[in-house]
Amino acid sequence: DDLLNNAKSVAAPFREKVLFVSINADEEDHQRILEFFGMKKEEVPAMRMIKLEEDMAKYKPADPELSADNIKGFVTDFIDGKLKQHLLSQDLPEDWDAKPVKVLVASNFDEIAFNKDKTVLVEFYAPWCGHCKQLAPIYDKLAESFEDRDDVVVAKIDSTINELEHTKITSFPTLKLYTKGENKAVDYNGERTLEAMTAFINSGGVEGAQETQEAEEEDEDDDLPKKDEL
């Protein structure tokens, strides 16, 4: 109650600019909200801010204390544009490169994807995405077919718990090829077949960059981030 009172005492002057919301972390239905912010139940009580725009940018206070002064300072710094976006990242798995499809997280993404000595295909996926699940066995075969190529990497990143400042994903799955030498990011818009994606890699992102009618139909059915369920 004291912590809520601290927030209430600060909220009034910011009414036109910031919406203050409290969440009971003990309620099971609210676990998705904690996951969205990359938080665990053990971390609460805590505060976060989110900018309700397309990229849903999140902000975390440097000082976690929930005093009235600290809450006011956090909100004021947000309004003044002084806060740096808080980007979610998984811990890097020890076996991230053990399988044909390499596992990327926010902390190792740039090192792998922007390696100018390699052509890197990355799938941005969500665990709940049906189309991602359908693609998985084909994507595994694609990675297996390039295992003998030292200059090609086939990788994936869970975009629900890894955020990149330079890349915003609006639908799942999204496939991007980071070209050898230039590091140019090319969106894949072709059919999600082994043959078509193989040609996309071998052509350096030329074949498959333009949408076909079949690919357009697939894109229309792609899964969007479940922002409205939070």
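As the structure is a predicted model, local features require pLDDT of at least 70 and side-chain atom pairs count only at pLDDT 80 or more, while totals for chains, interfaces and linings use all residues. Residues are numbered from 1 along each chain as its sequence is written, and side-chain values use heavy atoms, with hydrogens and water left out.

The predictor's confidence in each residue is given as pLDDT, on a scale from 0 to 100. For the protein chain the mean pLDDT is 89, and 90% of the residues reach 70 or more. Where pLDDT is low, the predicted coordinates should not be read in detail.

The C-alpha trace of the protein chain spans about 60 × 35 × 30 Å along its principal axes. The chain contains 7 helices and 7 strands, which are DSSP runs numbered from the N terminus (helices: H or I, at least four residues; strands: E, at least two). Along the sequence these elements follow the pattern α-α-β-β-α-β-α-β-α-β-β-β-α-α. The domain assignment gives domain 1 (2-80) and domain 2 (102-203), with bounds that come from an automatic or database assignment. The C-alpha centres of domain 1 and domain 2 are 34 Å apart.

Two packed helices are described by the angle between their axes and the distance between the axes. The axes are lines fitted to C-alpha atoms, for helices over the stretch in contact, and the angles run from 0 to 180 degrees between N-to-C directions.

Helix α1 (residues 2-11) packs with helix α3 (residues 68-79) at an angle of about 45 degrees, and their axes lie 9 Å apart. The angle therefore makes α1 oblique to α3 (under 35 degrees counts as roughly parallel, over 145 as roughly antiparallel, 65 to 115 as roughly perpendicular and the rest as oblique). In this contact, α1 contributes Asn6, Ala7, Ser9 and Val10, and α3 contributes Ala68, Ile71 and Lys72.

Helix α5 (residues 130-145) and helix α6 (residues 194-202) also pack at about 45 degrees, with axes 10 Å apart. α5 and α6 are therefore oblique to each other. Leu135, Ile138, Lys141 and Leu142 of α5 meet Leu194, Met197, Thr198 and Ile201 of α6. These contact residues comprise 6 nonpolar, 1 polar and 1 charged (Ala, Val, Leu, Ile, Met, Phe, Trp, Tyr, Cys and Pro count as nonpolar, Asp, Glu, Lys and Arg as charged, and the others, Gly among them, as polar).

Notes:
Contact means heavy atoms within 4.5 Å.
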